[in-house]
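Here are my notes on the model, as numbered points. Please read them with the coordinates open.

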Amino acid sequence: MTINRKHLFSLLIILVIALGTVSIASAYVGTGFSHDIPASKYQDLSASDILGKYNKTDCHVEEVGVCTKVVDGDTIYLDNGKKIRFVGVNTPERGVEGYITSKNFVQKLCLNKKVGIDIDDSKGFDRYGRTLAVVIVDGKNVNEMLLKEGLAEIMYMPPSEFNPFEWGTNGTHVDTTHSSSSSSPTSTKSTSSSGSAKYIGNANSGKFHTPNCRGVSRMAEYNKVFFSNRNDAINQGYTSCRMCNP
Ligand SMILES: [Zn+2]
């Protein structure tokens, strides 16, 4: 009896360690997102050229800081010590195509400049302790600009104060998946904020589901990846769940 318990206990420890390793290993993989927009597209544009194309945002500047470092297209450091993760979006990781372009774009707008942040009231931090926020430059929402320029994909992880589906995209990679018939926009304002995504992927298992599948209710929030159509999920390497058969 006691031996059995001991065995069970050590088995449990091993399982916990194994699961921990898997989740850490997959943490930086993201969704494998990349884009092929060349850095030269923005070479001759100034920050004000780019900012001039966008409207003022409804987001409110809660804090102001000087951007001291741009890690990549969705992470910057401020002189007040805060590490900011742009909420609602995901840009290519280091080593993935499009990384440099997205990073340069954010450098052009933010580096060594005063930027405002609107912190996500529903979830202020990500699992690495970075502050989740909309970054605001000259009254413009940089997260939204990244999406509209095609430099970022939507990464909606409720609960969140912000719904990136409402920011929209300019129909770049997200909607160009050779679907000639379905020219439907990513979302409309009429749909409820968390209901805009038609499919939900699990970044850990690589499966994607319909929103009401049992697999979704068991999924950790940080593993959820949202898709507006099947092709996006499949193009990013996700396979369909056998239970809900999306
Ligand atoms: Zn499912």
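1. Terms first. Helices (H or I, at least four residues) and strands (E, at least two) are DSSP runs, numbered from the N terminus. This is a predicted model: local features need pLDDT of at least 70, side-chain atom pairs count only at pLDDT 80 or more, and totals for chains, interfaces and linings use all residues. Residue numbers start from 1 along each chain as its sequence is written.

2. Lys103. This lysine sits in helix α3, residues 99–110. Lys103 counts as buried because it has 23 C-beta neighbours inside 10 Å. The cut-offs: buried means 20 or more other C-beta atoms within 10 Å of the residue's own, exposed means 12 or fewer, and partly exposed lies in between; C-beta atoms are placed from the backbone.

3. Surroundings of Lys103. Residues up to four places away in sequence aside, Lys103 touches Val70, Asp72 and Gly73. Contact here means C-beta atoms, placed from the backbone, within 7 Å. Thr91 is twelve residues from Lys103 in sequence, and their C-alpha atoms are 8.5 Å apart.

4. Strands count as paired if DSSP finds at least two bridges between them. Strand β2 (residues 75–78) and strand β3 (residues 83–86) run antiparallel, joined by three bridges. Thr75 faces Arg85 of β3. Four residues separate the two strands of this hairpin, and in the turn Gly81 has a positive phi of about 90°.

5. From β3 to β6. Strand β6 (residues 131–137) pairs with β3 in the parallel sense, over three bridges. Arg85 has Leu132 as its bridge partner in β6. Arg85 also stands opposite Thr75.

6. The nonpolar core. A nonpolar core is a set of buried Ala, Val, Leu, Ile, Met, Phe, Trp, Tyr and Cys residues joined through C-beta atoms within 7 Å. The largest one has 46 residues, and those with the most contacts inside it are Ile76, Cys110, Val134, Val135, Ile136, Val142 and Leu146. Strand β6 gives the most to this core, with six residues.

7. Ile76. Which residues is Ile76 in contact with, leaving aside neighbours within four places in sequence? They are Cys67, Lys69, Val70, Val71, Ile84, Val106, Cys110 and Val135.

8. The four-stranded sheet. This open sheet has the order β11-β9-β10-β12, with mixed pairing. Its edge strands, β11 (224–227) and β12 (239–240), each pair on one side only. Strand β10 (residues 207–209) pairs with β12 in the parallel sense over two bridges. Lys207 stands opposite Thr239 of β12.

Note on methods: Two residues are in contact if their C-beta atoms, placed from the backbone, lie within 7 Å.
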